[in-house]
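Grab a pencil and have a go at the exercises below. Try each task yourself before you read its solution.

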Amino acid sequence: MEIAAEIIREGGLVAFPTETVYGLGANALNAEAIKKIYEAKGRPLDNPVIVHVAGMEMLESVAVATRRARVLMGRFWPGPLTLVLKKSKALPKATTAGLDTVAVRMPRNRVALDLIASSGVPIAAPSANISGRPSPTSAQHVLQDLSGKIDAILDGGTASIGVESTVLDLTSRVPTILRPGGLTAEELYKVIGRIRLTPPKTKGKPRSPGMKYRHYAPRARMILVEGSEENLRRKIQALALRLKGKIGILASKENAPYYRAQDMEILGSRKNLSEVARNLFGALRRLDARSDVIIAEGFEDVGIGRAVMNRLRKAASKRIEA
Ligand code: TXA
Ligand code: MG
């Protein structure tokens, strides 16, 4: 921890665990250090990163917290909620890709909080994967993508939530979810009432600059099949017989017995979407390593299932209704 904190203070890169996914951290106040994050990930320069803080004093050094923001922080921090707020003057524009807003969150992971506190600076961290690839939920995943490109990894085991934080924009008139994630829209709704579940379609600039890029994509071709439990398994069995190459199925526990003859990874029960979220990126990476074509079951678009479906739809090159 001491070594990692020193690397951060000196402008280096440290990958660290959070409850959602692993982050690739650098001193948020150091524009040179931020540049290294973009280089290591191959991240487009117009996609801003999330700033991680360990307390309210640190938050106020990077962002302007409104009353609504304070209510949400009081209820959901530390945890998988990222808030888009007006940035402070002290925060370099390099950290926000030139925007006058900043995305901030306080992670709910001992190692992450210790790293921020020991460094004594807010830590900017996107997910610690090569840009466009599935997000990392273990230190091994980080190594697969970034070995040789970063200064250190803190290994905190497997991420407990497994999908990224929910990004909520508080700078628009109606609070707007820019990215569904670990905190459900249903939970947010209970606390602040009216929210938009998706950003309004704009012709010009997207509200969340990251949204226009391909994300979470495996190397294999990936087909997502959406429909009822029964229709899904019929359609997927038929597809698996018809398609050429090595097929791998991302399956629910309920349907797995029907795919016995096929290679697959089981995500979890259709009735336990948190389990599915936790296993999603790891299963996708493992299956990708041995398949030419991945066929994925769709899950219910509610609760944390919204985050799961958002990732699956972005990862897939083709979507089918069963
Ligand atoms: O769970 C997480 O959020 C993880 C862990 C490491 O904390 N981090 C993460 O970062 O997922 P990243 O960079 O992969 O995703 C950040 C998202 C992107 O979609 C980006 O466009 C959006 O947040 N974002 C960042 N700053 C923004 C801003 N000022 N306005 C709108 N969207 C912003
Ligand atoms: Mg990411």
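This is a predicted model: local features need pLDDT of at least 70, side-chain atom pairs count only at pLDDT 80 or more; totals for chains, interfaces and linings use all residues.

Residues are numbered from 1 along each chain as its sequence is written, chains are lettered from A and ligands numbered from 1 in the order in which they are written, and side-chain values use heavy atoms, leaving out hydrogens and water.

**Exercise 1: the cores**

Find the largest nonpolar core and say which residues have the most contacts inside it.

Step 1. Buried means under 20% relative accessible area, exposed over 50%, and partly exposed in between (1.4 Å probe, protein chains only).

Step 2. The largest core has 59 residues, and Leu-83 and Leu-168 have the most contacts inside it. Its largest share, five residues, comes from helix 2 (residues 31-41). Helices (H or I, at least four residues) and strands (E, at least two) are DSSP runs, numbered from the N terminus.

Step 3. Now look around Leu-83. Skipping neighbours within four places in sequence, its contacts (heavy atoms within 4.5 Å) include Ala-69, Trp-77, Val-102 and Leu-168.

**Exercise 2: the ligand's surroundings**

Describe the shell around ligand 1 and pick out some polar partners of its oxygen atoms.

Step 1. Count the shell: 27 residues surround ligand 1, with Thr-20, Arg-43, Asn-47, His-52 and Ser-165 the closest. A residue is near a molecule or strand if one of its heavy atoms lies within 4 Å of it.

Step 2. Sort them: 13 are nonpolar, nine polar and five charged. Here Ala, Val, Leu, Ile, Met, Phe, Trp, Tyr, Cys and Pro count as nonpolar, Asp, Glu, Lys and Arg as charged, and the others, Gly among them, as polar.

Step 3. Check the strands: strand 6 gives the most to the shell, with four residues.

Step 4. Look at the oxygens: polar side-chain atoms of Arg-105 and Ser-127 each lie 3.0 Å from an oxygen atom of ligand 1. For Arg-179 the distance is 2.9 Å. The protein covers 96% of the 690 Å² of accessible area that ligand 1 has on its own.

**Exercise 3: a serine in a strand**

Is Ser-252 buried or exposed, and which side chain does its own side chain meet in a polar contact?

Step 1. Ser-252 lies in strand 12 (residues 247-252), and it counts as buried because its relative accessibility is 0%.

Step 2. Its side chain makes a polar contact with that of Glu-297, at 2.8 Å. A polar contact is a pair of N or O atoms within 3.5 Å; within protein, one must be able to donate a hydrogen and the other to accept it, and residues adjacent in sequence count only if both atoms are side-chain atoms.

Key:
A nonpolar core is a set of buried Ala, Val, Leu, Ile, Met, Phe, Trp, Tyr and Cys residues joined through side-chain atoms within 4.5 Å. Accessible areas come from the Shrake-Rupley method with a 1.4 Å probe; for residues, only the protein chains shown count as cover.
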